[in-house]
Amino acid sequence: MENYAIEVKNVSKVYKLYNKPFDRVKEALGVSGRKQYVEHHALSDININIRQGECVGIIGTNGAGKSTLLKIITGVLSPSQGEVRVNGRISALLELGAGFNGEYSGIENIYLNGRMNGFTRSEVDARLEDILAFADIGDFVHQPVKTYSSGMFVRLAFAVAINIEPEILIIDEALSVGDIFFQAKCFRKIEEFKNSGKTILFVSHSMGSIQKYCDRAVLLNKGKQIIDTTPKTAIDLFNKMTVMEEKGGEPENLADERREPGTAEESECWKQQMNVNPKAVEYGNEEALIVDYCLLNEKGEITNTIHKGEEFTVKMKVHFNKDIQEPIFAFTVKDIKGTELTGSNTLLGDKMLAAAHAGEDVVVTFRQRMSLRCNDYLLALGCTGYKDGKFTVYHRLYDVCYIMVLSEKDTVGLFDLYSDIKVTVS
């Protein structure tokens, strides 16, 4: 028999939504002959078993039911049906404010949380120095937490959560409000917890964190469980799901279809399979137009997700409205601040096309190895050239889509040198 830390069996959560507060009163008094509410199914028939020592991520768009599920597991909410079994001491870091009294000082809240988790005052005393050292908020610990910034609050909350010796650590997206150095310290601690064999369950919009830390990932959408699988598969399905939702499709059966991702050769319109930016900036004289584009992984599948170290292709189709001599095709990858990081064009690559004629479509592919570190990036495309000796922009598309780079191993800086590290002792 499996030794599970958390068992979620057939869990559903239904809320009654009333148009007016008085409708709730009328229903309670039984003076209305009809239903005064509509039902909102926040969760529907969720089944998850988490083994001791596993790290499991919960992903999905806003409103998918991720936080509701965590609250039910931690006992903050009761399910409408189903049951949850927890084997081990839980420490949870949910949304800001959960489990803290804004009128109490930081110190008072530390003891309050300790008591809620079954610790005596003397046991909290023994952990107080470690909590304060990790939080590192100085004398603010003696001030009411309602005066804290969100960053200070999450420092204290995480410091408390990890120092009460939990067997199960549950984290919502709260870590995203901390500064980058504190986030790094938190993830080092999460790594320590994982290596020590403790169970971790966390919600994150950072697909890189899900890929790096999690053994499995559960994808939710509109309260329904889409799939429970490897992080890579769940992330790929999540990206396809967001594309389908943007186009008005229903993604619930996406995991059941089990179709291989489409390739550029199979697709009439490549960008329709991508998560694209509907507000991409474009300009040019339109003598040529970039009519289609996509990213391809090393298997030739259209995707926004590229794994660090794999070969990938930037592909674009350009339609020419006029004859153009020696057009230049280009792509650029930028960070989210707009800084150009890398890219190439057919001039630099010595792959110039002598001429393109009106009515023609030209397909250009750039194939390279992904060496950028795990992060999100933006793609820009362009078709330019020199007309009568003057540089001319025929069509440019800025920030047409994002590129999500995933990796199980991170590096320092912007890109990976793929260092071969050897350590010898003499």
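Predicted model: local features only at pLDDT ≥ 70, side-chain atom pairs only at ≥ 80, totals over all residues.
Q: Which residues of helix α2 are buried?

A: Buried means under 20% relative accessible area. In helix α2, residues 66-74, the list is Lys-66, Thr-68, Leu-69, Leu-70, Ile-72 and Ile-73.

Q: What follows α2?

A: Gly-75 does. Its phi is positive, near 90 degrees.

Q: Where does Asp-172 lie?

A: Look between two elements. Asp-172 sits in the loop that runs from β6 (168-171) to α6 (180-195).

Q: Is Asp-172 buried or exposed?

A: Asp-172 is buried, yet it has no salt bridge.

Q: Why does Lys-71 not give Asp-172 a salt bridge?

A: Check the distance against the cut-off. A salt bridge needs a side-chain nitrogen of Lys or Arg within 4 Å of a carboxyl oxygen of Asp or Glu.

Q: Which side chain makes a polar contact with the side chain of Asp-172?

A: That of Ser-67 does, at 2.8 Å.

Q: How is empty space found in a model?

A: A probe the size of a water molecule is rolled over the atoms, and this shows where empty space is left. Now take the case here. The largest pocket has a volume of about 1,300 Å³.

Q: How many residues line the largest pocket, and which lie nearest its centre?

A: The lining of the largest pocket has 41 residues. Nearest the centre are Gln-183, Ser-206, Arg-373, Cys-374 and Asp-410.

Q: Which elements supply at least two residues of that pocket lining?

A: They are α6, β7 (199-203), α7 (207-213), β19 (375-387) and β20 (390-406). The largest share comes from α6, with seven residues.

Q: What separates a cavity from a pocket?

A: In a cavity the probe fits but cannot get out, whereas a pocket is open. The whole structure has one cavity of 30 Å³ or more. The largest cavity has a volume of about 40 Å³.

Q: Which residues line the largest cavity?

A: Ile-110, Gly-114, Phe-119, Val-124, Arg-127, Ile-131 and Ile-164 do. The largest share, three residues, is from α4.

Q: How does the lining of the largest cavity divide by class?

A: Five residues are nonpolar, one is polar and one is charged.

Terms used: Residues numbered from 1 in each chain as written. Heavy atoms only, no water. Buried < 20%, exposed > 50% of the residue type's maximum accessible area, 1.4 Å probe, protein only. Helix = DSSP H or I, 4+ residues; strand = E, 2+ residues; numbered from the N terminus. Lys, Arg positive; Asp, Glu negative; His and termini not counted. Polar contact = N/O pair within 3.5 Å; in protein donor to acceptor, adjacent residues only side chain to side chain. 1 Å grid on protein atoms, 1.4 Å probe; cavity = no way out; pocket = protein on both sides within 12 Å on 5 of 7 lines; lining within 4 Å. Points joined across faces, edges and corners; volume = space filled by probe spheres on them. Nonpolar A, V, L, I, M, F, W, Y, C, P; charged D, E, K, R; others polar.
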